Amino acid sequence: MQDPQQSAMDETLSKREFNVLVGQYSERVYNHAYRMLGNREDAEEATMDVFLKIHKGLSDFRGDAKLSTWIWRITVNVCLSRRSKRKAETVLTDSENPEETIVDPSMNPEEHLLKEESREQLARLIAELPEQEASAIALFYLEGMNYGEITAILSIPAGTVATALHRGREKLRRKLCVERTKT
Amino acid sequence: MKCEEFRSRVQDELDRIGDEILPAEFREHADTCAQCGPFFESLIAVHRALRHLPRVSPPAELITALSKLDKPVYVPMKLSWSPDIRLAAAMVAPALLPYIAQALSFTLLQQILEMSILSLGMALFGIAALKPSFLGGPEYRVAPEKT
């Protein structure tokens with residue numbers, strides 16, 4: 001039979017470990033969820049879901065993958081699951097305005113994108129990208145991960161990660177160019 | 001550098017080494033090509049904007065709620081029968097087993113088969129009737145405030 005004192009110590013240790021993870025990952029998980037889902041309410045709920053799953057699975061974590069990879073897998077899966085449930089995503093398709101549409105060469109695109117409203121627009125557009133592209137963009141740019149790390153989290157080949165990144169970025173570029181020409 | 005090569009390589013290079021140290025040949029082509037120039041400028045602009053997307057802070061209440069997630073609480077399954085009926089069923093069923101087997105048996109092989117099936121059935125019945133505690137599951141809750 002387990003010593004109650006030992007059990008209490010284990011519990012405290014586990015609680016402490018979990019709180020360390022909350023400190024290390026809550027902001028990052030929340031940001032990822034916010035970029036993937038596009039609003040704060042969903043991001044909060046997704047973050048809660050992620051940490052419930054971490055809490056539930058921490059004692060069973062076998063170390064087959066790195067702890068960070070495991071946490072990001074949970075995060076990505078929770079966000080994707082919420083997105084598919086919501087069914088409100090407006091997917092940018094390749095057929096949308098395939099032509100180059102920058103019509104105002106006097107305006108620097110970078111200056112335009114540095115505006116607060118444009119950055120918000122960009123963030124909103126990430127949430128509208130197809131799942132794999134949005135995940136790859138969020139992990140690459142927000143978390144600064146390389147292809148290898150994204151490959152491990154999304155369980156897809158490096159070539160697919162590259163394609164998802166390129167397609168996602170290209171859709172954002174085209175969409176932003178269209179938005180710019182409208183304004 | 002040709003336009004085709006430029007377009008097929010520029011995104012890979014951007015991912016691999018970033019825009020600051022992109023080989024000069026890309027810039028040179030972009031500067032001299034009417035089609036690739038605007039494409040390159042807007043691509044770099046999106047790349048930089050994505051890299052500098054502002055981070056958002058999670059609400060303090062969320063962090064507080066996360067840090068209060070308690071240890072899993074054991075929640076036993078709900079029992080469908082009253083304890084008396086479950087106890088009676090668990091005691092009577094094995095006692096009846098030999099009589100049921102004898103009534104059904106004609107050959108030794110049949111008897112062995114029937115005994116095996118009945119034993120398995122009774123074991124499942126016993127588990128279903130008693131619903132031992134290990135069939136329960138963990139549940140998570142937010143820890144109450146300490147006063």
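**Confidence first**

I checked the terms: pLDDT is the predictor's confidence in each residue, from 0 to 100, and two residues are in contact if their C-beta atoms, placed from the backbone, lie within 7 Å. Residues 89-105 of chain A are also below 50, and that stretch has 23 contacts beyond near neighbours in sequence. Where pLDDT is low, the predicted coordinates should not be read in detail.

This is a predicted model, so I noted its limits: local features need pLDDT of at least 70, side-chain atom pairs count only at pLDDT 80 or more, and totals for chains, interfaces and linings use all residues. For bookkeeping, residues are numbered from 1 along each chain as its sequence is written, while chains are lettered from A and ligands numbered from 1 in the order in which they are written.

I looked up the mean pLDDT of chain A and got 77, with 70% of its residues at 70 or more.

I counted 6 helices and 2 strands in chain B. Along the sequence they run α-α-α-α-β-α-α-β. Of its 147 residues, 13% count as buried; the cut-offs are 20 or more other C-beta atoms within 10 Å for buried, 12 or fewer for exposed, and partly exposed in between, with C-beta atoms placed from the backbone. I also noted that, among contacts in chain B between residues at least 6 apart in sequence, 70% join residues at least 24 apart.

Next I went to the contact between the chains, which takes 32 residues from chain B and 37 residues from chain A. On the chain B side, helix 1 (3-17), helix 3 (36-51) and helix 4 (60-67) of chain B each supply at least two residues. Helix 3 of chain B gives the most, with 13 residues. By class, I read 20 nonpolar, 5 polar and 7 charged residues on that side of chain B. Ala, Val, Leu, Ile, Met, Phe, Trp, Tyr, Cys and Pro count as nonpolar, Asp, Glu, Lys and Arg as charged, and the others, Gly among them, as polar.

**Helix 6 of chain A and F140(A)**

I picked F140(A), which sits in helix 6 of chain A. Is F140(A) buried or exposed? F140(A) counts as buried because it has 23 C-beta neighbours inside 10 Å. Beyond four places in sequence, F140(A) is in contact with M145(A), I150(A) and L165(A). L165(A) is 25 residues from F140(A) in sequence, and their C-alpha atoms are 8.2 Å apart.

Helix 6 of chain A packs with helix 7 (residues 147-154) of chain A at about 135°, axes 10 Å apart. Axes are lines fitted to C-alpha atoms, for helices over the stretch in contact, and angles run from 0 to 180 degrees between N-to-C directions. These two helices of chain A, helix 6 and helix 7, are therefore oblique to each other; under 35 degrees is roughly parallel, over 145 roughly antiparallel, 65 to 115 roughly perpendicular and the rest oblique. Residues making the contact include L139(A) and F140(A) of helix 6 of chain A, and I150(A) and I153(A) of helix 7 of chain A. I sorted the contact residues into 6 nonpolar, 2 polar and no charged.

W72(A) and V76(A) of helix 3 are among the residues in the contact, as is I153(A) of helix 7.

My last stop was S155(A), in the loop between helix 7 and helix 8 (158-182) of chain A. S155(A) counts as exposed because it has 9 C-beta neighbours inside 10 Å. Its phi is near 55°, a positive value in a residue other than glycine. Most residues other than glycine have a negative phi.

Conventions
Helix = DSSP H or I, 4+ residues; strand = E, 2+ residues; numbered from the N terminus.
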